[in-house]
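Please look over the structure shown here.

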Amino acid sequence: MAFAPFSIFYFFYFALLGLIAPYMGLYLADQGFSLLEIAQLTSIFLITKIVAPNIWGALADHYQCRLLLVRAGTVATFWGYLLFFQSEGFWQYAMTIVLFSFFWNAVLPQFEVITLYNLAEYRNRYSQVRLWGSIGFIASVAGAGFVIEIYSIALFPWLMLGVISALALCSWWQFSEPRESVSRDAAVSFWLELAQRPIVLFFVACFLLQLSHGAYYTYFSLFLEQFGYSESTIGLLWALGVLAEVLLFMVMHHWLKRQNVRSIMLIALSVTALRWLLTVWLVESVWLLALIQCCHAMSFGAMHACSIQFVHGRFSGANQGKAQALYSSVGFGAGGALGAYISGCMVEWFDYAQAFYLCAFFAVLAWFAILRQR
(Lines give C-alpha, C1' and ligand atoms only; values in the text may rest on other atoms or scores of the structure.)
Protein backbone atom coordinates (compact mmCIF):
# COMPACT_ATOMS: atom_id res chain seq x y z
CA MET A 1 0.00 0.00 0.00
CA ALA A 2 2.94 2.34 0.55
CA PHE A 3 3.57 2.21 -3.21
CA ALA A 4 -0.09 2.66 -4.23
CA PRO A 5 0.42 6.29 -5.45
CA PHE A 6 3.18 5.09 -7.77
CA SER A 7 0.95 2.31 -9.11
CA ILE A 8 -1.92 4.73 -9.74
CA PHE A 9 0.35 7.12 -11.63
CA TYR A 10 1.55 4.26 -13.84
CA PHE A 11 -2.08 3.18 -14.29
CA PHE A 12 -3.16 6.48 -15.86
CA TYR A 13 0.09 7.09 -17.73
CA PHE A 14 -0.25 3.83 -19.63
CA ALA A 15 -4.04 4.10 -19.87
CA LEU A 16 -3.28 7.04 -22.15
CA LEU A 17 -1.01 4.84 -24.24
CA GLY A 18 -3.84 2.30 -24.31
CA LEU A 19 -5.93 4.87 -26.14
CA ILE A 20 -3.23 6.16 -28.48
CA ALA A 21 -1.71 2.87 -29.67
CA PRO A 22 -4.83 1.04 -30.91
CA TYR A 23 -7.22 3.90 -31.65
CA MET A 24 -5.26 6.94 -32.80
CA GLY A 25 -4.76 5.36 -36.24
CA LEU A 26 -8.46 4.51 -36.48
CA TYR A 27 -9.44 8.06 -35.46
CA LEU A 28 -7.07 9.65 -37.97
CA ALA A 29 -8.37 7.32 -40.70
CA ASP A 30 -11.90 8.45 -39.80
CA GLN A 31 -10.71 12.05 -40.23
CA GLY A 32 -9.72 11.22 -43.81
CA PHE A 33 -5.93 10.87 -43.53
CA SER A 34 -4.05 8.45 -45.79
CA LEU A 35 -2.07 5.47 -44.48
CA LEU A 36 1.24 7.33 -44.96
CA GLU A 37 -0.13 10.45 -43.23
CA ILE A 38 -1.29 8.29 -40.31
CA ALA A 39 2.21 6.82 -40.02
CA GLN A 40 3.72 10.32 -40.08
CA LEU A 41 1.33 11.69 -37.44
CA THR A 42 1.67 8.72 -35.08
CA SER A 43 5.45 8.77 -35.44
CA ILE A 44 5.40 12.28 -33.91
CA PHE A 45 4.71 10.68 -30.52
CA LEU A 46 7.93 8.77 -30.93
CA ILE A 47 9.96 11.68 -32.31
CA THR A 48 9.14 13.82 -29.28
CA LYS A 49 10.21 10.86 -27.14
CA ILE A 50 13.69 11.30 -28.61
CA VAL A 51 14.02 14.94 -27.54
CA ALA A 52 11.79 15.49 -24.51
CA PRO A 53 13.18 12.86 -22.07
CA ASN A 54 16.75 14.06 -22.65
CA ILE A 55 15.86 17.70 -21.94
CA TRP A 56 13.93 16.72 -18.79
CA GLY A 57 16.70 14.29 -17.78
CA ALA A 58 19.45 16.90 -18.08
CA LEU A 59 17.40 19.43 -16.09
CA ALA A 60 16.52 16.85 -13.42
CA ASP A 61 20.11 15.70 -12.91
CA HIS A 62 21.46 19.24 -12.83
CA TYR A 63 18.85 20.86 -10.57
CA GLN A 64 17.68 17.71 -8.72
CA CYS A 65 14.03 18.67 -9.22
CA ARG A 66 12.50 15.51 -10.68
CA LEU A 67 9.11 15.79 -8.98
CA LEU A 68 8.66 19.41 -10.06
CA LEU A 69 9.40 18.43 -13.65
CA VAL A 70 6.97 15.49 -13.50
CA ARG A 71 4.21 17.79 -12.28
CA ALA A 72 5.01 20.52 -14.79
CA GLY A 73 5.04 17.95 -17.59
CA THR A 74 1.64 16.44 -16.79
CA VAL A 75 -0.03 19.85 -16.42
CA ALA A 76 1.51 21.06 -19.70
CA THR A 77 0.26 17.84 -21.35
CA PHE A 78 -3.29 18.75 -20.29
CA TRP A 79 -3.17 22.31 -21.62
CA GLY A 80 -1.43 21.30 -24.82
CA TYR A 81 -3.96 18.57 -25.54
CA LEU A 82 -6.91 21.01 -25.44
CA LEU A 83 -5.79 22.25 -28.88
CA PHE A 84 -6.67 18.80 -30.26
CA PHE A 85 -10.35 19.80 -30.30
CA GLN A 86 -9.61 22.77 -32.58
CA SER A 87 -7.32 20.97 -35.02
CA GLU A 88 -8.13 20.67 -38.73
CA GLY A 89 -5.88 19.33 -41.46
CA PHE A 90 -2.52 17.58 -41.31
CA TRP A 91 -0.34 20.41 -40.01
CA GLN A 92 -2.66 21.51 -37.21
CA TYR A 93 -2.94 17.93 -35.97
CA ALA A 94 0.84 17.57 -36.26
CA MET A 95 1.56 20.70 -34.21
CA THR A 96 -0.94 19.72 -31.51
CA ILE A 97 0.53 16.21 -31.21
CA VAL A 98 4.04 17.69 -31.00
CA LEU A 99 2.97 19.99 -28.17
CA PHE A 100 1.17 17.62 -25.81
CA SER A 101 3.24 14.51 -26.57
CA PHE A 102 6.47 16.41 -25.85
CA PHE A 103 5.48 16.93 -22.22
CA TRP A 104 3.79 13.53 -21.85
CA ASN A 105 6.91 11.73 -23.05
CA ALA A 106 9.19 13.83 -20.85
CA VAL A 107 7.83 12.76 -17.48
CA LEU A 108 8.09 8.95 -17.45
CA PRO A 109 11.90 8.49 -17.18
CA GLN A 110 12.03 10.88 -14.22
CA PHE A 111 9.15 9.10 -12.55
CA GLU A 112 11.02 5.82 -13.05
CA VAL A 113 13.98 7.29 -11.13
CA ILE A 114 11.65 8.45 -8.33
CA THR A 115 10.02 5.01 -8.18
CA LEU A 116 13.32 3.11 -7.99
CA TYR A 117 14.58 5.51 -5.31
CA ASN A 118 11.51 4.86 -3.15
CA LEU A 119 11.68 1.10 -3.68
CA ALA A 120 15.25 1.20 -2.31
CA GLU A 121 16.33 -2.33 -1.35
CA TYR A 122 13.11 -3.71 -2.89
CA ARG A 123 14.09 -2.65 -6.42
CA ASN A 124 13.65 -6.20 -7.72
CA ARG A 125 9.93 -5.70 -7.06
CA TYR A 126 9.74 -2.80 -9.51
CA SER A 127 7.74 -4.99 -11.91
CA GLN A 128 5.00 -5.45 -9.28
CA VAL A 129 4.51 -1.67 -9.14
CA ARG A 130 4.90 -1.18 -12.88
CA LEU A 131 2.33 -3.87 -13.68
CA TRP A 132 -0.41 -1.36 -12.75
CA GLY A 133 0.58 0.58 -15.83
CA SER A 134 -0.18 -2.51 -17.84
CA ILE A 135 -3.51 -2.91 -16.03
CA GLY A 136 -4.29 0.70 -16.93
CA PHE A 137 -3.47 -0.07 -20.55
CA ILE A 138 -5.80 -3.09 -20.50
CA ALA A 139 -8.67 -1.19 -18.88
CA SER A 140 -8.25 1.64 -21.37
CA VAL A 141 -7.90 -0.39 -24.54
CA ALA A 142 -10.72 -2.81 -23.72
CA GLY A 143 -13.11 -0.21 -22.32
CA ALA A 144 -12.54 2.25 -25.15
CA GLY A 145 -13.05 -0.53 -27.71
CA PHE A 146 -16.57 -1.23 -26.43
CA VAL A 147 -17.44 2.48 -26.08
CA ILE A 148 -16.24 3.27 -29.60
CA GLU A 149 -18.09 0.29 -31.10
CA ILE A 150 -21.36 1.17 -29.35
CA TYR A 151 -21.16 4.90 -30.05
CA SER A 152 -18.51 6.28 -32.40
CA ILE A 153 -14.79 6.85 -32.91
CA ALA A 154 -15.70 10.55 -32.53
CA LEU A 155 -15.60 9.99 -28.73
CA PHE A 156 -11.87 9.23 -28.88
CA PRO A 157 -10.67 12.82 -28.12
CA TRP A 158 -12.94 13.01 -25.06
CA LEU A 159 -11.67 9.69 -23.70
CA MET A 160 -8.14 11.04 -24.11
CA LEU A 161 -9.03 14.22 -22.21
CA GLY A 162 -10.41 12.26 -19.24
CA VAL A 163 -7.27 10.16 -18.85
CA ILE A 164 -4.90 13.13 -19.26
CA SER A 165 -6.82 15.03 -16.56
CA ALA A 166 -6.52 12.09 -14.13
CA LEU A 167 -2.78 11.78 -14.83
CA ALA A 168 -2.19 15.46 -14.10
CA LEU A 169 -4.02 15.15 -10.77
CA CYS A 170 -2.05 12.04 -9.76
CA SER A 171 1.26 13.86 -10.13
CA TRP A 172 0.46 16.03 -7.09
CA TRP A 173 0.88 13.24 -4.56
CA GLN A 174 3.77 13.82 -2.14
CA PHE A 175 6.41 11.52 -3.60
CA SER A 176 9.90 11.36 -2.10
CA GLU A 177 12.67 12.08 -4.60
CA PRO A 178 16.45 11.59 -4.68
CA ARG A 179 18.55 14.69 -4.14
CA GLU A 180 22.16 13.70 -4.71
CA SER A 181 24.93 16.25 -4.95
CA VAL A 182 26.10 16.74 -8.53
CA SER A 183 29.86 16.84 -9.03
CA ARG A 184 31.65 18.75 -11.75
CA ASP A 185 32.71 15.45 -13.28
CA ALA A 186 29.15 14.11 -13.53
CA ALA A 187 28.80 14.90 -17.25
CA VAL A 188 32.18 13.34 -17.98
CA SER A 189 31.39 10.21 -15.94
CA PHE A 190 28.11 9.82 -17.82
CA TRP A 191 29.88 9.59 -21.17
CA LEU A 192 32.53 7.27 -19.74
CA GLU A 193 29.82 4.97 -18.42
CA LEU A 194 27.94 5.17 -21.70
CA ALA A 195 31.01 4.24 -23.77
CA GLN A 196 31.34 0.76 -22.23
CA ARG A 197 30.81 -2.02 -24.79
CA PRO A 198 27.94 -3.81 -22.97
CA ILE A 199 26.08 -0.53 -22.57
CA VAL A 200 26.55 0.49 -26.22
CA LEU A 201 25.28 -2.89 -27.40
CA PHE A 202 22.35 -2.68 -24.96
CA PHE A 203 21.21 0.63 -26.47
CA VAL A 204 21.65 -0.74 -29.99
CA ALA A 205 19.41 -3.67 -29.04
CA CYS A 206 16.80 -1.33 -27.50
CA PHE A 207 16.77 0.71 -30.70
CA LEU A 208 16.33 -2.40 -32.88
CA LEU A 209 13.67 -3.86 -30.57
CA GLN A 210 11.47 -0.79 -30.90
CA LEU A 211 12.23 -0.66 -34.62
CA SER A 212 10.73 -4.15 -34.75
CA HIS A 213 7.52 -2.90 -33.07
CA GLY A 214 6.89 -0.28 -35.78
CA ALA A 215 4.27 -2.22 -37.73
CA TYR A 216 2.57 -3.43 -34.54
CA TYR A 217 2.08 -0.05 -32.90
CA THR A 218 1.18 1.75 -36.14
CA TYR A 219 -0.81 -0.75 -38.21
CA PHE A 220 -1.87 -3.74 -36.09
CA SER A 221 -5.43 -2.40 -35.66
CA LEU A 222 -5.77 -1.53 -39.35
CA PHE A 223 -4.25 -4.91 -40.31
CA LEU A 224 -6.90 -6.73 -38.26
CA GLU A 225 -9.67 -4.48 -39.56
CA GLN A 226 -8.72 -5.62 -43.07
CA PHE A 227 -9.59 -9.20 -42.04
CA GLY A 228 -12.99 -8.19 -40.66
CA TYR A 229 -12.20 -7.87 -36.95
CA SER A 230 -14.50 -5.52 -35.02
CA GLU A 231 -13.25 -2.64 -32.84
CA SER A 232 -14.15 -4.53 -29.65
CA THR A 233 -12.27 -7.65 -30.77
CA ILE A 234 -9.26 -5.55 -31.75
CA GLY A 235 -9.35 -3.90 -28.34
CA LEU A 236 -9.55 -7.26 -26.58
CA LEU A 237 -6.58 -8.59 -28.55
CA TRP A 238 -4.51 -5.56 -27.56
CA ALA A 239 -5.65 -6.00 -23.97
CA LEU A 240 -4.81 -9.70 -23.98
CA GLY A 241 -1.20 -8.98 -24.93
CA VAL A 242 -0.86 -6.58 -22.03
CA LEU A 243 -2.64 -8.98 -19.65
CA ALA A 244 0.09 -11.51 -20.41
CA GLU A 245 2.59 -8.76 -19.65
CA VAL A 246 0.90 -8.14 -16.28
CA LEU A 247 1.11 -11.81 -15.34
CA LEU A 248 4.80 -11.83 -16.21
CA PHE A 249 5.42 -8.68 -14.16
CA MET A 250 3.89 -10.44 -11.16
CA VAL A 251 6.57 -13.14 -11.20
CA MET A 252 9.41 -11.25 -12.90
CA HIS A 253 11.28 -10.68 -9.63
CA HIS A 254 11.57 -14.45 -9.17
CA TRP A 255 12.93 -14.87 -12.71
CA LEU A 256 15.50 -12.11 -12.17
CA LYS A 257 16.76 -13.90 -9.07
CA ARG A 258 17.31 -17.14 -11.00
CA GLN A 259 18.69 -15.89 -14.32
CA ASN A 260 20.80 -12.92 -15.39
CA VAL A 261 19.43 -10.02 -17.39
CA ARG A 262 21.33 -10.90 -20.58
CA SER A 263 19.96 -14.45 -20.74
CA ILE A 264 16.39 -13.26 -20.23
CA MET A 265 16.83 -10.68 -22.99
CA LEU A 266 18.05 -13.32 -25.45
CA ILE A 267 14.99 -15.47 -24.74
CA ALA A 268 12.64 -12.48 -25.05
CA LEU A 269 14.11 -11.33 -28.37
CA SER A 270 13.86 -14.84 -29.84
CA VAL A 271 10.16 -14.92 -28.96
CA THR A 272 9.70 -11.42 -30.41
CA ALA A 273 11.06 -12.38 -33.84
CA LEU A 274 8.81 -15.44 -33.95
CA ARG A 275 5.83 -13.36 -32.83
CA TRP A 276 5.90 -11.06 -35.88
CA LEU A 277 6.12 -13.99 -38.29
CA LEU A 278 3.20 -15.83 -36.66
CA THR A 279 1.10 -12.64 -36.62
CA VAL A 280 1.14 -12.68 -40.43
CA TRP A 281 0.80 -16.44 -40.90
CA LEU A 282 -2.06 -16.98 -38.42
CA VAL A 283 -3.95 -13.67 -38.59
CA GLU A 284 -7.18 -15.26 -39.84
CA SER A 285 -7.58 -17.41 -36.70
CA VAL A 286 -8.71 -15.28 -33.76
CA TRP A 287 -7.83 -18.01 -31.24
CA LEU A 288 -4.30 -18.53 -32.55
CA LEU A 289 -3.83 -14.78 -32.82
CA ALA A 290 -4.87 -14.51 -29.17
CA LEU A 291 -2.11 -16.95 -28.22
CA ILE A 292 0.40 -14.99 -30.28
CA GLN A 293 -0.59 -11.79 -28.49
CA CYS A 294 0.53 -13.41 -25.23
CA CYS A 295 4.09 -13.15 -26.58
CA HIS A 296 3.84 -9.45 -25.67
CA ALA A 297 4.83 -10.58 -22.18
CA MET A 298 8.28 -11.24 -23.62
CA SER A 299 8.46 -8.60 -26.36
CA PHE A 300 7.72 -5.78 -23.94
CA GLY A 301 7.30 -7.05 -20.37
CA ALA A 302 10.51 -9.06 -19.93
CA MET A 303 12.57 -6.68 -22.06
CA HIS A 304 11.39 -3.57 -20.22
CA ALA A 305 11.85 -5.01 -16.72
CA CYS A 306 15.36 -6.18 -17.64
CA SER A 307 16.20 -2.85 -19.28
CA ILE A 308 15.18 -0.81 -16.25
CA GLN A 309 17.31 -3.05 -14.02
CA PHE A 310 20.24 -2.88 -16.46
CA VAL A 311 20.22 0.92 -16.67
CA HIS A 312 19.81 1.38 -12.93
CA GLY A 313 22.68 -0.99 -12.19
CA ARG A 314 25.11 0.34 -14.81
CA PHE A 315 24.89 4.11 -14.19
CA SER A 316 25.81 6.11 -11.09
CA GLY A 317 23.15 7.91 -9.06
CA ALA A 318 24.03 11.37 -10.38
CA ASN A 319 23.41 10.16 -13.94
CA GLN A 320 20.22 8.16 -13.41
CA GLY A 321 17.97 10.81 -14.95
CA LYS A 322 19.99 11.08 -18.15
CA ALA A 323 20.42 7.31 -18.38
CA GLN A 324 16.72 6.52 -18.04
CA ALA A 325 15.94 9.34 -20.47
CA LEU A 326 18.40 7.93 -22.99
CA TYR A 327 16.83 4.47 -22.68
CA SER A 328 13.44 6.01 -23.40
CA SER A 329 14.57 8.22 -26.27
CA VAL A 330 16.87 5.77 -28.06
CA GLY A 331 14.48 2.83 -27.83
CA PHE A 332 10.90 4.05 -27.63
CA GLY A 333 11.73 7.35 -29.31
CA ALA A 334 14.25 6.93 -32.14
CA GLY A 335 13.59 3.23 -32.69
CA GLY A 336 9.84 3.62 -32.48
CA ALA A 337 9.71 6.67 -34.76
CA LEU A 338 11.90 5.14 -37.45
CA GLY A 339 10.02 1.86 -37.10
CA ALA A 340 6.68 3.61 -37.67
CA TYR A 341 8.04 5.46 -40.71
CA ILE A 342 9.65 2.37 -42.26
CA SER A 343 6.47 0.38 -41.65
CA GLY A 344 4.45 3.14 -43.32
CA CYS A 345 6.69 2.95 -46.38
CA MET A 346 6.47 -0.85 -46.47
CA VAL A 347 2.67 -0.77 -46.29
CA GLU A 348 2.51 1.94 -48.97
CA TRP A 349 4.89 0.11 -51.34
CA PHE A 350 3.98 -3.52 -50.53
CA ASP A 351 1.50 -4.62 -47.85
CA TYR A 352 1.08 -5.20 -44.10
CA ALA A 353 2.66 -8.65 -44.24
CA GLN A 354 5.96 -7.37 -45.62
CA ALA A 355 6.11 -4.75 -42.85
CA PHE A 356 5.80 -7.46 -40.18
CA TYR A 357 8.42 -9.64 -41.91
CA LEU A 358 10.86 -6.73 -41.76
CA CYS A 359 10.04 -6.26 -38.06
CA ALA A 360 11.00 -9.90 -37.42
CA PHE A 361 14.36 -9.24 -39.09
CA PHE A 362 15.00 -6.24 -36.79
CA ALA A 363 14.25 -8.41 -33.73
CA VAL A 364 16.85 -10.93 -34.92
CA LEU A 365 19.43 -8.14 -35.23
CA ALA A 366 18.62 -7.05 -31.65
CA TRP A 367 19.20 -10.66 -30.51
CA PHE A 368 22.69 -10.62 -32.06
CA ALA A 369 23.50 -7.27 -30.38
CA ILE A 370 22.75 -8.73 -26.92
CA LEU A 371 24.62 -11.95 -27.81
CA ARG A 372 27.77 -9.90 -28.52
CA GLN A 373 27.74 -8.20 -25.11
CA ARG A 374 30.35 -10.68 -23.84
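The sections below describe a helix packing and then aromatic ring pairs in this predicted model.

## Packing of α8 and α15

Helix α8 (residues 197-212) packs with helix α15 (residues 352-371) at an angle of about 165°, and their axes are 8 Å apart. Angles over 145 degrees count as roughly antiparallel, and α8 and α15 are therefore roughly antiparallel to each other. The crossing of α8 past α15 is left-handed.

On the α8 side, the contact includes Leu201, Phe202, Val204, Ala205 and Leu208.

## Aromatic pairs

There are 41 aromatic pairs in the structure. One of them joins Phe33 and Tyr93 edge-to-face, at 5.5 Å centre to centre with 85° between the planes. Phe33 sits in the loop between α1 (4-30) and α2 (35-63), while Tyr93 belongs to helix α4 (residues 89-119), so this pair links distant parts of the chain, 60 residues apart. Phe33 and Tyr93 are both buried.

Tyr81 and Phe100 also form an edge-to-face pair, with 5.2 Å centre to centre and 85° between the planes. Tyr81 lies in helix α3 (residues 66-81) and Phe100 in helix α4, so the pair ties together parts 19 residues apart in sequence. Tyr81 is buried, at a relative accessible area of 0%, and Phe100 counts as buried at 0% relative accessibility.

## Ring cluster

Ring pairs link a cluster of residues, among them Phe33, Tyr81, Tyr93 and Phe100. Other members include Tyr27, Phe45, Trp91 and Trp158.

Notes. Residues are numbered from 1 along each chain as its sequence is written. This is a predicted model: local features need pLDDT of at least 70, side-chain atom pairs count only at pLDDT 80 or more; totals for chains, interfaces and linings use all residues. Side-chain values use heavy atoms; hydrogens and water are left out. Axes are lines fitted to C-alpha atoms, for helices over the stretch in contact, and angles run from 0 to 180 degrees between N-to-C directions. Helices (H or I, at least four residues) and strands (E, at least two) are DSSP runs, numbered from the N terminus. Angles under 35 degrees count as roughly parallel, over 145 as roughly antiparallel, 65 to 115 as roughly perpendicular and the rest as oblique. A crossing is left-handed if the near helix is turned anticlockwise from the far one by less than a right angle, and right-handed if clockwise. Contact means heavy atoms within 4.5 Å. Rings of Phe, Tyr and Trp (its six-membered ring) pair if their centres lie within 6.5 Å; planes under 30 degrees apart count as stacked, over 60 as edge-to-face and the rest as tilted. Buried means under 20% relative accessible area, exposed over 50%, partly exposed in between (1.4 Å probe, protein chains only).
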